[in-house]
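Please read them with the structure open beside you.

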Amino acid sequence: MASQETIKRGTWGSKIAFILAAAGSAIGLGNIWRFPTMVSQNGGAVFVLVYILAVVLIGFTVMLTELTLGRHTQKNPVGAIGYIKPRTPWKIIGYLGVITGVCILSFYSVVAGWAVGYMVKTATGAFRGEVTSQLTDKIFTEFTSNPLQVLVLLFIIIGLTAFIISKGVKGGIERWTKVLMPLLFVLIIFLAIKALTLPGAEKGIAFYLKPDFSKLNGTVILFALGQAFFSLSLGMGTMITYGSYISKSDNLVSSAGWVTFSDTIIALLAGLIIFPTLAFSGQPGNIGGFGLVFKIFPIILSQIPGGYIFGILFFALLSVAALTSTISLLEVPVAYLVDERNWSRKKAALAVGLFSFVLGIPSALSFEGMKIFTKMDFLGKLNFIFGNISLAVGALLICVFVGYVWGAKKAIQEIFSGNPKFKLRPLWVFSLKFLSPIAVIFILIFIKKITG
Ligand code: PHE
């Protein structure tokens with residue numbers, strides 16, 4: 001019966017198609033833009049270390065948990081919870097996810113718009129000749145201070161996302177990821193190799209890979225954990241929704257493993273590009289704020305033969321990687337409106353898209369030179385509240401819900417379908433019921449101390 005249901009609902013063409021689509025959601029600006037920014041602001045290598053621990057011990061657990069819940073219920077986050085515990089306050093997990101999706105989409109699309117803008121900038125020759133950090137700094141400031149430009153780009157990203165979503169799962173998501181994600185991976189490896197051979201790279205490598213434990217504190221842990229959830233698209237039901245399209249015969253554990261692994265590798269490689277290049281350009285570790293990546297990539301690209309072409313390609317692929325993530329962000333609220341409120345896909349995609357665009361305006365205009373929203377750091381605040389806190393709370397609630405309310409035993413039954421052995425079972429149960437929730441609660445309790 002389940003398979004009939006899945007066919008009606010639309011399934012992924014194959015297991016690999018699912019992995020690529022889920023990896024497409026996970027891999028995006030979170031890896032290439034947000035991760036290096038976080039590393040640079042939170043003590044370098046020590047952040048990287050905590051981040052890896054967070055991914056392995058907690059991120060993977062939550063990933064498997066969300067996929068399992070999604071495949072079992074075949075529903076969006078609100079519907080999934082309602083299916084297991086109808087008419088209970090647990091539905092709040094789903095609503096929180098829907099709201100978080102819209103809010104992240106709003107500021108995320110601003111940065112995705114920058115990537116598109118930088119593709120055009122590179123193509124029109126802004127980074128020809130000698131590319132210094134002074135030049136890239138100036139270009140970034142000018143770029144983000146042009147209100148019309150950033151708003152048009154924001155509109156393009158959200159419009160494109162809404163268009164793809166309105167066309168449905170298969171045609172929409174699968175097509176993009178199959179070829180382009182592997183291509184991005186190859187280009188990033190290539191750039192990392194080049195960056196490591198730049199003069200002065202050692203300093204950057206040391207900042208990135210040699211932990212200074214005196215820099216370890218609650219803020220580092222909070223941001224590393226939040227970054228793990230953000231980068232893996234966890235805590236708001238994206239992976240519940242994507243899991244709902246997986247077939248019963250697929251192995252959820254290895255799928256979760258592949259998505260987690262590929263996402264983490266891309267983030268780590270992005271750091272291997274950024275920090276050596278930063279050192280090469282004569283800058284200390286923690287500069288740049290949200291512009292860090294946009295200031296640094298043009299420098300490394302200018303150092304390779306054919307940098308002009310590779311530059312266009314890089315920003316094009318970054319835009320696509322961002323787009324496969326915005327698609328997954330919009331998919332959560334849209335799947336909710338379609339499944340639970342009987343809206344048409346078109347209407348839902350249009351309405352939520354429009355709303356996110358309006359919400360994204362202050363973030364787009366919160367950069368230097370714009371005067372109106374500059375002081376409010378809108379993008380930074382949304383990024384912190386929804387990108388860190390909301391996702392962490394969501395992940396906590398999902399763990400508690402699956403671990404205790406639905407029950408780990410029932411979840412395990414679901415995992416058995418497609419993986420009858422499930423060797424990681426004891427570790428997963430321990431992390432689901434104890435380690436992950438306790439880690440998040442601990443961090444949330446200390447948050448006042450950290451931010452105040
Ligand atoms: N994981 C995506 C990225 O790293 C962002 C995202 C977060 C997507 C939450 C969906 C849900 O770019």
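1. Which of the 15 residues around the ligand come nearest? They are Ala26, Gly30, Tyr108, Phe230 and Ser233. Please keep in mind while reading that this is a predicted model, and that the distances and areas below are values computed from it.

2. A polar backbone atom of Gly30 is 2.9 Å from an oxygen atom of the ligand, and a polar backbone atom of Leu29 is 3.2 Å from an oxygen atom of the ligand. From a side chain, a polar atom of Asn31 lies 3.5 Å from an oxygen atom of the ligand.

3. How much of the ligand does the protein cover? On its own the ligand has 320 Å² of accessible area, and the protein covers 100% of it. The space that the ligand takes up is the largest cavity.

4. Turning to aromatic rings, a search of the whole structure finds 27 aromatic pairs. One of them is formed by Phe190 and Phe310, whose rings are 5.5 Å apart from centre to centre, with 50 degrees between the planes, and the pair is classed as tilted. This pair links distant parts of the chain, since Phe190 is in helix H9 (residues 169-196) and Phe310 is in helix H15, 120 residues apart.

Methods. Residues numbered from 1 in each chain as written. Predicted model: local features only at pLDDT ≥ 70, side-chain atom pairs only at ≥ 80, totals over all residues. Heavy atoms only, no water. Near = heavy atom within 4 Å. Polar contact = N/O pair within 3.5 Å; in protein donor to acceptor, adjacent residues only side chain to side chain. Areas by Shrake-Rupley, 256 points an atom, 1.4 Å probe, with all protein chains shown as cover. 1 Å grid on protein atoms, 1.4 Å probe; cavity = no way out; pocket = protein on both sides within 12 Å on 5 of 7 lines; lining within 4 Å. Sits in = over half its atoms within 2 Å of the grid points. Phe/Tyr/Trp six-rings, centres within 6.5 Å; stacked < 30°, edge-to-face > 60°. Helix = DSSP H or I, 4+ residues; strand = E, 2+ residues; numbered from the N terminus.
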